[in-house]
Amino acid sequence: MADDKDVLRDVWFGRIPTCFTLNQDEVTEREAEPYYLLLPRVSYLTLVTDKVKKHFLKVMRAEDVEEMWFEYEGTPLKWHYPIGVLFDLHASNNVLPWSITVHFKNFPDHDLLHCPSNSVIEAHFMSSIKEADALKHKSQVVNDMQKKDHKQLWMGLQNDKFDQFWAMNRKLMEYPTEDGGFRYIPFRIYQTMSDRPFIQKLFRPVSPEGSAHSLGDLLKEMYPDAITNDGEQKRYQVVIHGIEPLLETPLQWLSEHLSHPDNFLHICVIPLTHQPAG
Amino acid sequence: GEVPSLLSAPPSAVRAAERWLDLGGGSGEEGSEEGYLRKTALRSVTLDSESAQKQEGSGSDSEPHTSCPSSVEPHGQEGEQPDCIKDDTDDDDAGICTVTESSSQVLQFEYHILYSCSYSSPVLYFRAFTLEGRSLSLEEVWSSVHPNFRLRLQNSPLNTITQQEHPLLGQPFFVLHPCRTEEFMRPVLQVAQDQHRPVNYVLSWLSVVGPVVGLDVPLKYSTLVHPASSVSSTEPD
């Protein structure tokens, strides 16, 4: 039986094989070869694609290069979402490797946030951690940390250092035993069937009667369509880190073990009809 | 107790804010529970990147909405059309701040108020476009913020403006970070409680953060709050 700590490692080291191809309308001095890379599920596109940029800049002139952005089958990819979430949401039922198109022009500023430097990614990451702690601990734990502790969380992610990250992150996963869990669970439910980017609301891990809430309880409250009732055909997959956890799984356990480094549980609801033909 | 949700405030309190904010629906699936307040306004703005770094005169710590006349005050208080406010570009002659190199243009600003359940407070989202529809960058927005406000924001990093995804629309907006909201709202609520005065939480909050990004709350709206309509204002949880 896998130890709970093994789950933390499996989550951290999850990878997605990806093929980056330059958008054919970009102006190049010679033909651009595709670039292959294993992307960390828990990181962010703009943090891990320096090599991709360098590779394509070799065949382009400086004046043809603006802010790099990524697209999958016509959908601009939001760099501020964890990579694994983007894959599960848009491409999980398609063949590997994940084929991403790279652009250097016509940045879609009505769809994507700008990402001029790594400090923007860091600010975004830390802001998620702070918001998660506001929900879990009324911000008490994150506010008690020093600046260097915050830095350690970020450096751990940036440099892919599991131990360095979790040395600090474990504090954010603690709670008073008598409470039975966090104050509220930081989560977001994503789907592509409507314009709304995600659902995020207050939800406690423990009921007023003291019983542990499950993943199914969360969905019943926030996204009842995702639940298959008796006799119905299954319409949706509920995916976290590329797997479908049992709906009976306690939400508190999921929050402690299957959250992303930003301390949020990112849950994707994917329609089962969204499958490639053949 | 928790600060009541913006949208669970008594109807009359919300109506006061609604006079100049349209109630925009979200995706509509849950109706008014998840809407947001929205206002669009045309502002003639001085994009002043030159003096973004230097600061003259006032080093005082006074609250933004009293320290320096905003360069974007609305025309008078009468005959105001909430949906389309065109403002003068005032020459600032208060001597507190000097506008040097600048270009003046008319921009369209869109302001949204949403409620953050994580922080139990309202959050101001906004974006700006040129009349041709080009989005303003963070640098340009920053340079449109009055120099005195800019200094204050730079000194308190948790109050900076960042670009974020609108949680209901999924599009990029600029946001004034809500972290410090409780800090400046608490005294307001306490005094009002002590004096048994009604407080419209949203209008009070907005009158502090709004002017920083050019959203003014005309005085006359504060007179619309009367005893029967008070938002029960307990401290944020």
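Tutor: A definition to begin with: a residue counts as buried when its relative accessible area is under 20%, and as exposed when it is over 50%. Keep in mind that this is a predicted model.

Student: OK, what share of chain B counts as buried?
Tutor: Of its 237 residues, 48% count as buried.

Student: How many helices and strands does chain B have?
Tutor: Chain B has six helices and six strands. Starting at the N terminus, the order is α-β-β-α-β-β-α-α-β-β-α-α.

Student: What about contacts in chain B, how far apart in sequence are the residues they join?
Tutor: Taking contacts between residues at least 6 apart in sequence, 69% join residues at least 24 apart.

Student: Switching to cysteines. How many disulfides are there?
Tutor: Zero, over all chains.

Student: Is A:Cys268 buried or exposed?
Tutor: Its relative accessibility is 1%, so A:Cys268 counts as buried. A:Cys115 counts as buried too, at 12%.

Student: Now helices. How do α1 and α8 of chain A cross?
Tutor: Two packed helices are described by the angle between their axes and the distance between the axes. For α1 (residues 4-12) and α8 (residues 162-172) of chain A, the axes come within 12 Å and cross at roughly 125 degrees.

Student: What do you call that orientation of α1(A) and α8(A)?
Tutor: Oblique. Angles of 65 to 115 degrees count as roughly perpendicular and those over 145 as roughly antiparallel, and α1(A) and α8(A) are therefore oblique to each other. The crossing of α1(A) past α8(A) is right-handed.

Student: Which residues make the contact?
Tutor: From α1(A), they are A:Leu8, A:Arg9 and A:Trp12. From α8(A), they are A:Phe162, A:Asp163, A:Phe165 and A:Trp166.

Student: Last one. Where is A:Asp225?
Tutor: In chain A, in the loop between α9 (215-222) and β8 (236-239). A:Asp225 is partly exposed, with a relative accessible area of 42%.

Student: Which residues does A:Asp225 touch, leaving out those up to four places away in sequence?
Tutor: A:Arg235 and A:Tyr236. A:Arg235 is ten residues from A:Asp225 along the chain, and their C-alpha atoms are separated by 8.4 Å.

Terms used. Residues are numbered from 1 along each chain as its sequence is written. Chains are lettered from A and ligands numbered from 1 in the order in which they are written. This is a predicted model: local features need pLDDT of at least 70, side-chain atom pairs count only at pLDDT 80 or more; totals for chains, interfaces and linings use all residues. Side-chain values use heavy atoms; hydrogens and water are left out. Helices (H or I, at least four residues) and strands (E, at least two) are DSSP runs, numbered from the N terminus. Buried means under 20% relative accessible area, exposed over 50%, partly exposed in between (1.4 Å probe, protein chains only). Contact means heavy atoms within 4.5 Å. A disulfide is a pair of cysteine sulfur atoms within 2.5 Å. Axes are lines fitted to C-alpha atoms, for helices over the stretch in contact, and angles run from 0 to 180 degrees between N-to-C directions. Angles under 35 degrees count as roughly parallel, over 145 as roughly antiparallel, 65 to 115 as roughly perpendicular and the rest as oblique. A crossing is left-handed if the near helix is turned anticlockwise from the far one by less than a right angle, and right-handed if clockwise.
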